[in-house]
Amino acid sequence: MKSLEPKINRLNSTTKEMFTHLPNLVPVVIIFLLVFCLSALLNFYHTQIAVKKDGNASIAELENYIESIAYELHELSPYISYHCNDSDKLGLRSYVFNSDMLKEAGVYYQGVVTCTSNEGKANIPLYPPLLSRLANTSNKVTISLSQSKSGFTAFFIYASTGERSGLNALLPPSDFLETVIPKLQERRYGYSFKVLSEHIYSDNIYNGNNRLKEPKSILYFSSQRYPLSLTLYINNESYLFYFVQHIWQTILIACVLSVFYLLIRYQMLAKRSIEFSLINAIKHDRIEMYLQPIVDITTERVVGSEALLRWNHPSQGQISPDIFIPLAEKLGVIGDVTKQTFSTLTQFLHANPTYTENHYISVNLSRNSIIDASFIRYLYDYADSHPDIVGSILLEVTENIDFSQVELDSALDNLKLLKQLGFQIAIDDFGTGYSGLNFIRLHSFHVMKIDRVFIKSLHSESTITPVLVSMIHLANELKMKVIAEGVETPQQIAQLRKLGVRYIQGFYYSHPIKPDAFLAYSGQTKKEKSSKCLST
């Protein structure tokens with residue numbers, strides 16, 4: 001029994017998983033039901049069209065058969081005389097023998113059948129209406145449905161070769177209709193053929209009491225050349241036949257629509273889970289500000305921090321800033337995100353007024369924000385409203401930004417204005433882009449932040465050291481403070497100390513932490529002195 005428990009548990013788990021997906025399948029089931037219902041409704045219309053086509057085709061096919069027999073009779077007439085001698089009887093019998101359907105052929109003269117393939121000489125008068133129809137038809141061919149001399153109902157085809165003279169052919173009605181009946185039966189039609197006043201009915205138009213069934217609809221077709229008509233009775237079986245015939249198309253359409261629905265649903269879920277959720281998070285102030293300490297390694301004291309954003313998605317958990325920051329830029333709401341950051345850090349600084357005495361907070365600016373006139377106006381108003389804390393805010397501008405010349409001129413003008421307003425300006429991720437040297441040549445920055453990619457390679461690649469030496473030398477020449485990002489090991493600390501780097505940011509000291517935890521970490525309550533502040 002114990003050996004069965006894992007299998008039972010797996011079965012229960014699989015069953016639960018299947019049931020969790022059932023709500024997602026309900027719309028697909030509804031799509032299939034709607035498509036099938038629509039297909040059923042359209043099937044009534046398509047069946048009507050198909051029945052008309054089949055009815056006209058059946059009449060045309062019977063007409064063609066009558067004319068083919070008439071043509072053969074005309075071809076035979078020169079070799080058969082009304083005298084009914086042995087050669088005449090032999091010719092008629094040979095013709096019938098070589099025919100698949102004909103049972104008898106005969107010759108009539110002056111309105112009287114004088115010779116037949118079965119009995120030889122005969123004296124069977126033709127009815128005047130029949131002779132009249134023959135005389136009045138353009139192709140001198142007509143038909144009738146009547147009893148033969150043998151006593152069974154037969155289908156007659158008459159072909160006139162002269163005044164009240166010609167040949168005729170006899171065959172069972174079932175053989176005559178054999179060319180069209182299989183198709184009508186396949187489509188489950190009820191049918192009735194009428195020749196003059198005589199009818200031939202299909203079996204499926206009667207119920208068990210030999211009473212005519214009530215059809216869903218009736219369509220009539222008639223020949224323009226012969227006294228022949230066809231009535232088709234459409235019933236439930238007929239509609240079902242066509243529905244089943246086209247069910248693969250119905251399934252295909254339902255599958256295509258279901259795939260489109262699933263794709264659209266997936267896209268909508270993706271938008272709602274990321275894009276819509278991000279906008280909603282910004283609107284309801286759900287993006288949190290964390291602070292990562294920046295430490296002076298000469299004193300092991302915290303001198304500042306970088307404001308980093310964290311977003312805890314309600315269903316997907318923590319979303320990386322590498323995902324939602326570029327998304328915010330794409331959606332055009334990065335300015336709102338940055339304004340929210342300023343609002344949060346302002347509340348933090350006002351709640352801890354002594355923090356600005358010996359600490360600063362750096363804030364990242366997007367390339368879009370630097371050239372956004374409305375955002376620059378926001379910073380201008382911010383500096384005007386909070387002159388006491390502007391000097392403690394360091395604005396980080398990434399080096400790896402691709403500006404057109406017009407955008408570059410605008411960015412430089414805005415950076416100059418921000419510097420005049422009292423903000424400190426840092427060039428972030430220095431060394432990772434191709435325009436860094438030109439950027440620091442065109443604008444004097446307060447701080448150079450060396451990207452983590454150089455620090456990461458510091459312990460393993462000796463070739464990276466000369467590059468760092470060059471960066472540090474350049475920063476010293478331009479009177480910029482240097483902050484090394486992404487420091488994680490004691491070996492990196494030792495190397496940076498040798499290179500003269502004083503300010504460190506990275507996991508070696510602390511991950512980004514909430515403001516309250518940062519206050520405890522930095523020892524703000526111990527009244528640190530101001531000699532560690534970057535601005536000194």
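Which cysteine does a disulfide join to Cys 84? The partner is Cys 115, with an S to S distance of 2.1 Å. A disulfide is taken as a pair of cysteine sulfur atoms within 2.5 Å, and the structure holds 1. The model is predicted: local features need pLDDT of at least 70, side-chain atom pairs count only at pLDDT 80 or more, and totals for chains, interfaces and linings use all residues. Residues are numbered from 1 along each chain as its sequence is written, and side-chain values use heavy atoms, without hydrogens and water.

The link of Cys 84 and Cys 115 is right-handed, at 55 degrees about the S-S bond. The pair connects distant parts of the chain, 31 residues apart. Cys 84 lies in the loop between helix 1 (4–76) and helix 2 (86–97). Cys 115 belongs to strand 2 (residues 112–116). Helices (H or I, at least four residues) and strands (E, at least two) are DSSP runs, numbered from the N terminus. Both Cys 84 and Cys 115 are buried. Buried means under 20% relative accessible area, exposed over 50%, and partly exposed in between (1.4 Å probe, protein chains only). Cys 37 counts as partly exposed because its relative accessibility is 49%. Cys 255 is also partly exposed, at 33%.

Helix 11 (residues 373–385) has buried residues Phe 375, Ile 376, Leu 379, Tyr 382 and Ala 383. They cover an arc of only 115 degrees around the axis, so they sit on the same side of helix 11. The arc is that of the directions from the helix axis to the C-beta atoms. Ala 373 and Asp 384, on the other side of helix 11, are exposed.
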